[in-house]
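This briefing is intended for reading alongside the sequence and the model. Please keep both in view while following the points below.

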Amino acid sequence: MISNAINYSQTRDLPLDPLIALYRANGWSSAEQPELLHKALLASHSLVTAWDANKLVGLANAISDGYLVVYYPHLLVLPDYQRRGIGTELMRRLMTNYDGFHQHMLVSDGGAVDFYRKCGFIRAGNTEPMWIYAGNDH
């Protein structure tokens, strides 16, 4: 049963098993490196989680220099909980932490582009995203 009472947290209390279940449910390859993923998220500049009672249903994080630039690498919501405003609220809470920063950045693919536009993001001029990537899910 899905509750309408989602609780949000910015604590670092993030159990490994539900974390990996969230990433696997969304088909993210980082779930194949559970210990590294867990450490990376705990080392984030900001981390916001969404809970339905004791069930982890969403997560978003940010990496930042703490002054000018913030990068939002991960935003995930369990598929059964998507399109309920959870992702929007996770982003709102993260972005509030960086209000007034010179640059907010992310890389989006697929259907998420429209979601991020609704959050205020636009294409960055004539730039092209570039990476060295060890995953296989893009």
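What covers the buried residues of helix 3? In this predicted model, the cover includes strand 1 (6-9), strand 2 (46-52), strand 3 (55-64), strand 4 (69-77) and helix 4 (112-118).

**Helix 3**

- Helix 3 comprises twelve residues, 86-97.
- At 1.5 Å a residue, helix 3 should span 16 Å, and the 17 Å between its end C-alpha atoms agrees with that expectation.
- The buried residues of helix 3 are Ile86, Gly87, Glu89, Leu90, Met91 and Leu94.
- Strand 3 and strand 4 are among the elements that cover these buried residues.

**Strand pairing and the crossover**

- Strand 3 and strand 4 run antiparallel to each other and are paired over six bridges.
- Within this pairing, Ser64 has Val70 of strand 4 as its bridge partner.
- The hairpin formed by strand 3 and strand 4 has four residues between the strands, and Gly66 in this hairpin adopts a positive phi near 85 degrees.
- Strand 4 also pairs with strand 5 (residues 103-105), here in the parallel sense and over three bridges.
- Val69 has Gln103 of strand 5 as its bridge partner.
- From strand 4 the chain passes through helix 3 to strand 5, giving a β-α-β crossover that is right-handed.

**Aromatic residues**

- The structure contains seven aromatic pairs.
- The ring centres of Tyr98 and Phe101 lie 5.1 Å apart with their planes at 85 degrees; an angle over 60 degrees counts as edge-to-face, so this pair is edge-to-face.
- Both Tyr98 and Phe101 are buried.
- The ring centres of Trp131 and Tyr133 lie 4.4 Å apart with their planes at 10 degrees; planes under 30 degrees apart count as stacked, so this pair is stacked.
- Trp131 has a relative accessibility of 54% and therefore counts as exposed, whereas Tyr133, with a relative accessible area of 34%, is partly exposed.
- One aromatic cluster is formed by Tyr72, Tyr98, Phe101, Phe115, Tyr116 and Phe121.
- The edge-to-face pair of Tyr98 and Phe101 thus belongs to this cluster.

Technical notes. Residues numbered from 1 in each chain as written. Predicted model: local features only at pLDDT ≥ 70, side-chain atom pairs only at ≥ 80, totals over all residues. Heavy atoms only, no water. Helix = DSSP H or I, 4+ residues; strand = E, 2+ residues; numbered from the N terminus. Expected span 1.5 Å × (residues − 1). Buried < 20%, exposed > 50% of the residue type's maximum accessible area, 1.4 Å probe, protein only. Contact = heavy atoms within 4.5 Å. Phe/Tyr/Trp six-rings, centres within 6.5 Å; stacked < 30°, edge-to-face > 60°. Pairing = 2+ DSSP bridges. Right-handed = clockwise from strand over helix to strand, strands pointing away.
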